[in-house]
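Work through the following exercises with the sequence and the coordinates at hand. Each task is followed by a solution in steps.

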Amino acid sequence: MSDNRNKRAEVEDFSDTAAILRDEAFQIEKVELSPRLRGVEFNRALNGLDRSALCLSGGGIRSATFALGVIQGLASQPRRGKAAASADVSLLGRFQFISSVSGGGYIGSWLSAWLHRENFASVHSQLVERPQGPSIEPAAIQNLRRDSNYLTPKIGLTSADTWTAATMVVRNMTLNWLLVISALATLLLFLKFALAGLSFLGAGSPMAHDYRHHMSLLALGTVALIVGQCYTLGNYAQDGNGRGQKKFVLFDLVPAILGATVFTTWAILPIGVQQWSPHWLNVMLVGPTIFLASGIMAFPHFRDPRDTDTDTDQDTPRHNPWLRLLRWFFSGFAWSGVILVGIHLLLEINYAPARLLALAVLGPPWFLMAQITAETIYVAATSTETRSDAQREWFARAAGWFVISGVAWTAITLLALLGSRLTDLLRSETYFLYHSLIGGSLAGTAALGLLATQPDRQDVVGGFARFKRLLQIGGGQIFLALVLVVTSALLDILVVGGSLLDALLGPVRSEGVTILDNETNFLFGLLFGSAVETVLRQDDLVVRLFIAMLAAGLVTAIVSRTVNINRFSLHDLYRNRLVRAYLGATHRGRDPSRFTGFDLKDNPLMKDLWPQMQAPNEEARHGRLFHVLNATLNIVSTRNRAWQQRKAMSFTVTPRFSGAADLCPRDTGGNFAGAYQKSERYGGKLGISLGTAMAVSGAAANPAMGYNSTPSITLLFALFNVRLGWWLANPGPQGRGLWDLAGPRQALVPWLLEAFGQTTAERVYVNLSDGGHFENLGLYEMVRRRCRTIVLSDAGQDEDFSFADLGNAVRKIGIDLGVKVSFPHLDQLKPRSVTGMGLARSPYYTVGRIRYAEADGGGEDGYILYIKPGYHGTGDAGVRAYANESPTFPHESTADQWFSESQFESYRSLGFQIVETIFSDIVLPPGASLYDIMRLLNEHIERLAEG
């Protein structure tokens, strides 16, 4: 019984895509679709509902304002003579869905909030006329116009709005940096503590020349390497598909690094002895001993049970397990040979401090390289054996992890030790130059990196574009390196009282013999100093670093738990101002704070938007605008190689459910099932709000940005807290028990995942951002719902009419949903000419076809009315005047989110006038359905194409 209860609870916890689409059919059309319908049968059932949708694209306030005009135009159609349509026949009232992305979500949420507060008949009358008189504009529209500078409504340097926004940005970035710096300090102090410990055990402690101490280190390093090699031998061919990278890192890479570190400590032991030269035979025996021991322990794995006498590959001999063991044993000599070369090179350094630095920086990577060399020899010796391809691939990936670890070790230790010493030298010798260099480097690198945050178009190959690409590649890494160096230097001053390198070299400086020329003496003097004014005892140094590391770790834990990664970012500033401007615009009883201007009641919950408010005698078909807000779930680190370019999946928030259709793998064949949570219990104790969903859908700037994500942009945005996105619990089973939380309970891990491009759909929390980072038109999810008639307002920035957003949507719909969408007459849409004239006969729209019947084996095909803002030298005087002032109108930069009154009205008027122009092209018969209207518009476009 308990098992059955658990299964039922699991089904109730999260629903798949078919379940939420069935729920929408019942909520909107009052139709119950059978759960037995699957695949194309289910799609045909959806198609039979004859649905319509209004899609509003991304594009910031430009798209929102143009879409406002489109909404007013649709509310006015079809006209009866000169009078606007009444509520009972309005085209706007015939849509079942409104699907919005980013800037389109601003105005779509405005309309949803309005319909939540007033019935459709009241909203419609205010959209098409001025019920209170010709001089009184409806409050919901007047308020939008008033707050067209929604981020800082009162502009200017003396405005409290401007300084409030600036203060919030600085405050949140400071808290973000407190988290980053404390975590970085903990990491650096751990590294410094480890290096000081190595130095103390190797050269500074009384045990340094104790034979027993020497042998204990040798034994510990040997055991660590044997553990890692046993995992290697047990998994490279036997269970390659069953154990992933996490177990490799834990059971192979970590023991290898530990063994390399311990062997480095062992090598430090006689660092101060002038004539240290271990007998080569002793060193040569260490490697074979380790390899033989690991081979004997893992010997059962040398016998591959899949090799039988019936093997079909007769040209490749089956392997002999004893021969494999022998080859593995002899590979150990290669390991010892590499170590001997390293010792020889080390002995060439006659200056003891430099020898210690070389060991600390290059020792562990050198031991890892010895492991790679030995495994390479083994792979070459066994290349003729059965199934050696799998073996070579396994060892190659393992070598890649070893190389990554070695490079990271070298880079971090160099920056933490040598970089700290150079910074200390600049500080003491050239005070002014020091501050100029450090401050200028930090500010300059950050500024240049942030200039490179917008991805280049692939067809732009100019010199500036190349320079910008270089900044994108290296800006974040260079800035992080500078931060690391400066932080390391400050930690040395605070904890050690000077350069840690000087403190580590004190005990060995007098023991080293210096046989150097004058130039080399000068160089070593710069790096290591000529004298030590205050030499800490090695044990005191280790204790200081340990206490400092614990203190930094405690601060990191407190800050990570206290500073919410969602709340202390740009998201709150952005969302609260969007809510005030767009959702508050429809709030008649608004009672804002006299000091801040915000009213918490402006922001309704998503669950309260459905069913929409209706008049008692109003027909059920009115107010059916079921809002689908489209966001992006970022999977920058995806295991699905087909998605390496998109790095994202569609995530929707509706009044009923929030989730993604491709979140949970259904089988090993690459098929996925959706995971959704009820919006009433997702993203907060009371459920996700409309304002949060609107802001997430419009989170254009974020460390993870779908197909726009690049490593250095990701890192820079994370460092400077440029985060409009939102972290929420995974709506799938991974987030069980956390669905009602408004964000992660600690900030450090999500920050690291963002900063280093490791966001996935497989963890407890998922990262959400602008829907345009996946698909910027809102078309994708409407095709999933098999809408037959779609009106699409595409006001994305596209002055060249490249149709990038449309092409992206059509491509993904074809790949993911199997539905072909075609626009045969797209070439009729023309960009604005230099003069803005000569295009009077060009249409502002075209009609596309959705081939549902071909994809689903039946059903009706659909139409898309695709509206594209343009300026053809026509329009009223207000639009013409503004167009003459702005050569890029109506595709001004999306970065401009501060609209003037003339700018706002020009875009709104353009949207309205384009809709009026579209419907003036056809004669509508009485009672024409949306499908009939689309067919007539398609016929008109085809006539234009024929000339």
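**Overview**

Of the 947 residues in the protein chain, 56% are buried (under 20% relative accessible area with a 1.4 Å probe, protein chains only; exposed is over 50%, partly exposed in between). The model is predicted: local features need pLDDT of at least 70 and side-chain atom pairs count only at pLDDT 80 or more, while totals for chains, interfaces and linings use all residues. Residues are numbered from 1 along each chain as its sequence is written, and side-chain values use heavy atoms, with hydrogens and water left out.

**Exercise 1.** Count the helices and strands of the protein chain.

Solution. Take the DSSP runs, numbered from the N terminus: H or I of at least four residues for helices, E of at least two for strands. The protein chain then has 30 helices and 12 strands.

**Exercise 2.** Find which members of the largest nonpolar core touch the most other members.

Solution. 
1. Collect buried Ala, Val, Leu, Ile, Met, Phe, Trp, Tyr and Cys residues joined through side-chain atoms within 4.5 Å.
2. The largest such core holds 155 residues, and Leu74, Leu92, Ile107, Trp110 and Tyr582 touch the most other members.
3. Helix α8 (residues 160-204) supplies the largest share of this core, 13 residues.
4. Another core, of 36 residues, lies apart from it and includes Ile226, Leu233, Val286 and Leu368.

**Exercise 3.** List the contacts of Leu92, leaving aside neighbours within four places in sequence.

Solution. With contact taken as heavy atoms within 4.5 Å, Leu92 meets Leu54, Ile71, Leu74, Ala75, Phe120, Leu127 and Leu625.

**Exercise 4.** Describe how helix α4 (residues 60-76) packs on helix α29 (residues 901-920).

Solution. 
1. The axes of α4 and α29 come within 7 Å and cross at roughly 40°.
2. That angle makes α4 oblique to α29 (under 35 degrees is roughly parallel, over 145 roughly antiparallel, 65 to 115 roughly perpendicular, the rest oblique).
3. Residues of α4 that meet α29 include Arg62, Phe66 and Leu74; on the α29 side, Phe904, Arg908 and Phe919 are among them.

**Exercise 5.** Determine the angle at which helix α5 (residues 103-117) and helix α6 (residues 120-128) pack.

Solution. 
1. The axes of α5 and α6 are 8 Å apart, at an angle of about 130°.
2. α5 and α6 are therefore oblique to each other.
3. In α5, Trp110, Leu111, Trp114 and Leu115 meet Phe120, Val123, Gln126 and Leu127 of α6.

Key
Axes are lines fitted to C-alpha atoms, for helices over the stretch in contact, and angles run from 0 to 180 degrees between N-to-C directions.
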